[in-house]
Amino acid sequence: MNYKISQAAASLSPSLTLAIDAAAKKMKAEGQDVVGFGAGEPDFDTPDHIKMAAIKALAEGFTKYTPSSGIPELRQAIVDKFKRENGLTYKPSQTIVSCGGKHSCYNAIMATCQPGDEVIIPAPYWLSYPEMVKMAGATPVILQTSDATEFKVTAAQLRAAITPNTRLFVLNSPSNPTGSVYTPDEVKALGDVCIEKGVLIMSDEIYEHLLYDGAKVRSVATFSQAHFDHTIIVHGFAKAWSMTGWRLGFLAAPEPIAKAIDAVQSHSTSNPTSFAQRGAVAALNGPQEHLARWLAEFDKRRRYAHQKLNSIPGISCVNAKGAFYLFPNISKTGLKSRDFCARLLEAEKVAAVPGIAFGADDYIRLSYATSMANIEKGLDRIDKFARSLVK
Ligand SMILES: *Cc1c(COP(=O)(O)O)cnc(C)c1O
C-alpha cells in the first residue's frame, strides 16, 4: 500500500523540544543521571485552589459538552482579566477558550491565513508558528535577529519584509526561546507599521506575567483603536498558572475573526474540557500570590545561570527579561547547535534544545524551570564540555 501523506502534513517537522524532553526523560527512567534543560513548563505544581475548583466541578457532574468556545463564566473572566490588567475592552463574544495556547495560535492562523498569504515571523521563534502557517497552506517569512539586538526586530526590518501578500505578523513578547521583552515603544512602532500596511498581528502574550529586572510589557492592542482592531491576542493558562497538562488557552480578537474561529473550533475539537474550564475560572478570578513566589525563584536561577554561562569559554549569553529560558550563543565553540546538543547529551548527559529548532543555529535553549541544584550541576557539566571544545 502506498500511503500518500497530505502535502500539509508531509511538510511538517515534529516538535524537537518535545522530542528532546522525551529522550531525556527516557534516559532518566533507565537510571541515567541526566540533567534536563529542555522543559517548556514550570516545575511548580498548579495552585491548590485551581485544582479544587476542577475537582468540585467533577464532583458536581460538570462533565458534559459546554459551548464550543467556552463556558460563559470563563469568557467573562477573560474579559475581566483584559479589562483589569490590560485596560482592554472586549465582549465575551470576542474571546475563545481553546485546548491550550498552542491551539489558540493554530485557530488564529487557520481562521486568517490561506495559500498565497505570507506570515512574518521573527527568529528565534517558537517552533510551532512556522509549522502552523504551513498547515494553513500559507508561507512563513522569517526575519533573522541575533543577540546583538537582544533578538528583537525593528520596525524598519518589519516594514522591509512586508509585501502585498503579507497577512499576519507574529509577535511573541516575552519570547520563547530567548526570554527577550520588547519595550512598549518598540511594540507600538511594530504595531504602527502593521496598521499602515494593513497587516494583522498575532500577539502571543502567554509569558506576560513572567518578567524580571523591572521589565514592563504592554500589549500591542492597547495603543489605539486601530492597534486594537489589528490584533489577535493569544494567551493561556500553561505558564503563569502552571497548567500545561490541563490544555487550556484563550484568545481575544476582532469580532469577525472570533466568529470564524468559533466555527473552526466547533468543527474540530468542540469545547475544551468542561471541568478544566472551571479550574481556569478560579485561576483568573482567584488569588495570584503564587506568582510572586515563583518569580522570585525563577529570578534567582536566571541570575545564577546567566552569570555562570558567561564564565564558560566559548559561550556568551545576553540576559533574558522574561519567560524562563536563556538562549546562549555557542558559535565560538565551533559547533552548530544540533551537534553541540547531541554531543553534550552523549558526553555529559545534559539535555538542551538546539537553537536550529527555533531558526537560530548558533544558540541553544536552556530552560531554568528546574531546580537550582540541577542548574548548578548541569552548568558545571556544560562548562566541562565547552572546555573540551575550546582549547
Ligand atoms: C507554552 C507556549 C504556548 C502555549 O502552550 P500551551 O501548553 O498550548 O498552552 C504558546 N506560545 C508560546 C510561545 C509558548 O511557549
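**Note on helix packing, cavities and pockets**

1. Helix α5 passes helix α6 in a right-handed crossing. Right-handed here means that the near helix is turned clockwise from the far one by less than a right angle. Helices (H or I, at least four residues) and strands (E, at least two) are DSSP runs, numbered from the N terminus. The model is predicted: local features need pLDDT of at least 70 and side-chain atom pairs pLDDT 80 or more, while totals for chains, interfaces and linings use all residues. Residues are numbered from 1 along each chain as its sequence is written, and side-chain values use heavy atoms, without hydrogens or water.

2. The axes of α5 (residues 101-112) and α6 (residues 128-135) come within 9 Å and cross at roughly 40°. Axes are lines fitted to C-alpha atoms, for helices over the stretch in contact; angles run from 0 to 180 degrees between N-to-C directions. On the α5 side, the contact (heavy atoms within 4.5 Å) involves Lys102, Cys105, Tyr106, Ile109 and Met110. On the α6 side stand Ser128, Tyr129, Met132, Val133 and Met135. By class, the contact has 8 nonpolar, 1 polar and 1 charged residues. Nonpolar covers Ala, Val, Leu, Ile, Met, Phe, Trp, Tyr, Cys and Pro; Asp, Glu, Lys and Arg are charged; the others, Gly among them, are polar.

3. Which residues lie nearest the centre of the largest pocket? They are Leu18, Gly40, Lys102, Trp126 and Lys239, out of 30 lining residues. A pocket is an open set of points on a 1 Å grid over the protein atoms alone, with protein on both sides within 12 Å along at least five of seven lines; a cavity is a set where a 1.4 Å probe fits but cannot get out; lining residues have an atom within 4 Å of a point. The volume of the largest pocket is about 570 Å³. Volume means the space filled by probe spheres set on the points, with grid points joined across faces, edges and corners.

4. α2 (16-29), α5 and α6 each give two or more residues to the lining of the largest pocket. The largest share, 4 residues, is from α2. The lining has 12 nonpolar, 10 polar and 8 charged residues. Domain 1 (7-46 + 289-389) and domain 2 (55-285) both contribute to this lining, so the largest pocket lies between them. Domain bounds come from an automatic or database domain assignment.

5. The second largest pocket holds about 350 Å³ of space. Of its 17 lining residues, Ser13, Pro14, Ser15, Leu127 and Glu131 lie nearest the centre. α6 supplies the largest share of this lining, 5 residues. By class, the lining has 11 nonpolar, 3 polar and 3 charged residues. The second largest pocket also lies between domain 1 and domain 2, because both give residues to its lining.

6. There are 2 cavities of 30 Å³ or more. Of its 15 lining residues, Pro122, Pro124, Asn172, Ser175 and Tyr182 are the closest to the centre. β5 gives the most to this lining, with 3 residues. The lining of the largest cavity has 10 nonpolar, 5 polar and no charged residues.

7. The second largest cavity contains about 50 Å³ of space. Its lining includes Phe37, Ala305, Leu326, Tyr368 and Ile375. α12 (289-309), β12 (364-367) and α14 (372-389) each supply at least two lining residues. By class, the lining has 8 nonpolar, 1 polar and no charged residues.
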